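Keep the viewer open and follow the selections below in order. Each stop says what to select and what is there.

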Amino acid sequence: MPSPSISSASASPPVAPPPSQTVGRPTQGIAPGDDVIAETQVDARTLPEGYPRSLVRSLDGKTLTLQAEEGGCRRISAHVGEQTAQQVVVLIAVTTAKKGQMCPDYIREITIPLALAEPLGTRTVVLRQG
């Protein structure tokens, strides 16, 4: 006796989950829902040449994301320092190889999330070496 066959027309197609569950954060660029912080809201005057300055904020304003390039023997780290009603200090460190050390030749985009105690709002972001 032949086995009953299932018609492909009667089978329901798989249902994809909503886009909010399938879209991850991109590895480069600005994530959906994030917002670039205006240059007028960032004070990087004391930051040395070559340090990253690109920041975005999350939709709720409680997370800043530092976008940078690192590679070879160059490493970037950052953390939130003092937070007041007027400003948020972000301390950025760039480490490089010792003189004469060989380093691999590559560059990669990185993002460093920085959690704030309160949403950024209109506060100034002060970028400092540290």
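Colour the chain by confidence; this is a predicted model. The lowest confidence in the protein chain belongs to helix α1 (residues 19-22), with a mean of 42, and the highest to β8, at 97. Over the protein chain the average pLDDT is 81, and 74% of the residues score at least 70.

Select residues 3-10, where pLDDT stays under 50 and the model has zero contacts beyond four places in sequence. Then select residues 16-27: pLDDT again stays under 50, and here the model has seven contacts beyond four places in sequence.

Now switch to cartoon view. The protein chain has one helix and eight strands, and the pattern along the sequence is α-β-β-β-β-β-β-β-β. Among contacts in the protein chain with a separation of 6 or more, 68% are between residues 24 or more positions apart.

**The open sheet**

Select β2, β8, β6 and β5. They form an open sheet of four strands in the order β2-β8-β6-β5, with mixed pairing. Its edge strands are β2 (42-43) and β5, each of which pairs on one side only. Zoom in on β5 and β6, an antiparallel pair with seven bridges. Within β6, A93 is the residue opposite S77.

**Around β4**

L55 has L66 of β4 as its bridge partner. The hairpin of β3 and β4 has five residues between the strands, and G61 there takes a positive phi near 80 degrees.

β4 and β7 are antiparallel, with eight bridges between them.

**The nonpolar core**

Show side chains for L64, L66, I76, V90, I92, V125 and L127. These residues have the most contacts inside the largest nonpolar core, which has 21 residues. At least two residues of this core come from each of β4 (63-70), β5 (75-83), β6 (87-95), β7 (108-115) and β8 (124-129). Which strand gives the most to this core? That is β6, with four residues.

Centre on I92. Leaving aside residues up to four places away in sequence, I92 touches residues including L47, Y51, P52, L66, I76 and L127. Also in its contact list are S77, A78, R128, Q129 and G130. In soluble globular proteins, nonpolar side chains tend to be buried together.

**The disulfide**

Select C73 and C103. The structure holds one disulfide, and it joins C73 to C103 with an S to S distance of 2.0 Å. The link of C73 and C103 is left-handed, at -110 degrees about the S-S bond. C73 sits in the loop between β4 and β5, and C103 in the loop between β6 and β7, so the pair ties together parts that are 30 residues apart in sequence. Is C103 buried, partly exposed or exposed? Its relative accessibility is 34%, so C103 counts as partly exposed.

**The surface**

Finish with the surface on. The protein chain exposes about 9,000 Å², of which carbon and sulfur atoms supply 54%. Of its 130 residues, 31% count as buried.

Conventions: Residues are numbered from 1 along each chain as its sequence is written. Side-chain values use heavy atoms; hydrogens and water are left out. A nonpolar core is a set of buried Ala, Val, Leu, Ile, Met, Phe, Trp, Tyr and Cys residues joined through side-chain atoms within 4.5 Å. Buried means under 20% relative accessible area, exposed over 50%, partly exposed in between (1.4 Å probe, protein chains only). Contact means heavy atoms within 4.5 Å. Two strands pair if DSSP finds at least two bridges between them. pLDDT is the predictor's confidence in each residue, from 0 to 100. A disulfide is a pair of cysteine sulfur atoms within 2.5 Å. Accessible areas come from the Shrake-Rupley method with a 1.4 Å probe; for residues, only the protein chains shown count as cover.
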